[in-house]
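Subject: A structure for you to look through

Dear colleague,

I am handing over a structure that I would like you to read slowly, with the sequence beside it.

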There are 2 protein chains.
Amino acid sequence: MIILSKLADYGVIVATHLAAHPDRQATAAAIAASTRLPRATAAKLLKAMAHAGLVTATRGPAGGYRLARRPAAISIAEVVAAIDGDIGLTQCSVHEADCERTTYCPTRPHWAAINRAVGAALSAISLAEMIGPLAFAPAASFTEPARDARIFMDEPPR
Amino acid sequence: MIILSKLADYGVIVATHLAAHPDRQATAAAIAASTRLPRATAAKLLKAMAHAGLVTATRGPAGGYRLARRPAAISIAEVVAAIDGDIGLTQCSVHEADCERTTYCPTRPHWAAINRAVGAALSAISLAEMIGPLAFAPAASFTEPARDARIFMDEPPR
DNA sequence: ACCAATTCGGACCGGATTGGTACGCAATAG
DNA sequence: CTATTGCGTACCAATCCGGTCCGAATTGGT
């Protein structure tokens, strides 16, 4: 199974590209060319990110997109959430109301915990870190998972 | 965005139900009734798990399903993988060949690391733990994920 | 001050994947 | 032998994803 949608994946690529040139103002077409993505798709992604406040857009000639904050202040989780919506493992993590099993399903509280762990993993890495070489723990400690805990937690979110 | 597919979610519910009664031999119909799932769907899930070797099936009258191992020896990751296939964040994590961006895309190594983290989170919890109360650290340190953000679990859109 | 080029913004549509179902076959216990 | 149960295949429906189109806003030139 693939966790991230293609669009979310592309969105991170676009955001990373913007982070690599934080000073320049780039048009949607230029970004599409640089990332080898279809123009319309890149435009759609940028639109979503602008809506979420991650990038600022200026119209008219000499317009274009630019990151709204410093690359180090934008996490992967935010980019993904801007495109695909909030992150949740299961249906009931996102729409609690839709799950009529709430009362007797014993798995729900556990999902919430795993949920936070996954979210933390995506929140812990910023666009700035995405540009350079591996900047955070290479997860060597995860090869043997060892229950009980603190799964990702060797990486305090800054 | 929802990470687990509905079927994978259901699969965990079914597996958890089996783990709650490890001695009993349960028919697909009985499991479906207990979990309030459609019979055909439950059967499909059980078949997939049997194929992956997580449950054993015996046919004929008085047949049914049973966990192949002790509940503590089956991880959530295995159940999910049995139904949805291997876990990967992005397309290129699963089919490396399909990504022609391999050479210049700077984000790929990072994905692999996050990938391991997610996999570890799902591998770290077993069916046995899924039955009882929260058995591992609820990741309380991440409840405030950083900066403005508040990415998860609040639920604004729509 | 107007016009026009350029750029973003929202609505729409086709297609693929997923979720769910139905039917016929194989195996086993009574 | 027969009834019950799982096994496999094939099929249908629906949601969601990915992509394209056309309209709205803004700046720069004239």
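Let me begin with one residue: A:Glu78 has a relative accessibility of 7% and therefore counts as buried, a word used for under 20% relative accessible area, whereas exposed is used for over 50% and partly exposed for what lies in between (1.4 Å probe, protein chains only).

Before going on, please keep in mind that this is a predicted model, in which local features need pLDDT of at least 70 and side-chain atom pairs count only at pLDDT 80 or more, while totals for chains, interfaces and linings use all residues. Residues are numbered from 1 along each chain as its sequence is written, chains are lettered from A and ligands numbered from 1 in the order in which they are written, and side-chain values use heavy atoms, with hydrogens and water left out.

Salt bridges

The side chain of A:Glu78 meets that of A:Arg69 in a salt bridge, with 3.0 Å from N to O; the term stands for a side-chain nitrogen of Lys or Arg within 4 Å of a carboxyl oxygen of Asp or Glu. A:Arg69, for its part, is partly exposed, at a relative accessible area of 23%. In chain B, a salt bridge joins B:Arg69 and B:Glu78, whose closest N and O atoms are 2.9 Å apart. Here B:Arg69 is partly exposed at 35%, and B:Glu78 also counts as partly exposed, at 29%. Over all chains, the structure holds 2 salt bridges.

Chain A as a whole

Chain A has 7 helices and 2 strands, where helices (H or I, at least four residues) and strands (E, at least two) are DSSP runs numbered from the N terminus. Read from the N terminus, the order of its elements is α-α-α-β-β-α-α-α-α. Of the 158 residues in chain A, 50% are buried. If you take the contacts (heavy atoms within 4.5 Å) in chain A between residues at least 6 apart in sequence, 62% of them join residues at least 24 apart. The chain exposes about 7,100 Å², of which carbon and sulfur atoms supply 57%; such areas come from the Shrake-Rupley method with a 1.4 Å probe, and for residues only the protein chains shown count as cover.

Of the atoms of DNA strand C that come within 4 Å of the protein, sugar and phosphate account for 73%. Some polar contacts (pairs of N or O atoms within 3.5 Å; within protein, one must be able to donate a hydrogen and the other to accept it, and residues adjacent in sequence count only if both atoms are side-chain atoms) can be picked out. In the side chain of B:Thr41, an N or O atom lies 3.4 Å from a phosphate oxygen of DNA strand C. The elements giving two or more residues to this surface are β1 (55–58) and β2 (64–67) of chain A, together with α1 (6–20) and α3 (39–51) of chain B.

The surface near DNA strand D

Around DNA strand D there are 18 residues, the closest being A:Lys6, A:Leu7, A:Lys44, B:Ala28 and B:Tyr65. Sugar and phosphate make up 63% of the atoms of DNA strand D that come within 4 Å of the protein. A polar side-chain atom of A:Lys44 lies 2.9 Å from a base oxygen, whereas B:Tyr65 places a polar side-chain atom 2.3 Å from a phosphate oxygen of DNA strand D. A backbone N or O atom of B:Ala28 is 2.8 Å from a phosphate oxygen of DNA strand D. The largest share of this surface, 3 residues, comes from α3(A).

With best wishes

Note on methods:
Near = heavy atom within 4 Å.
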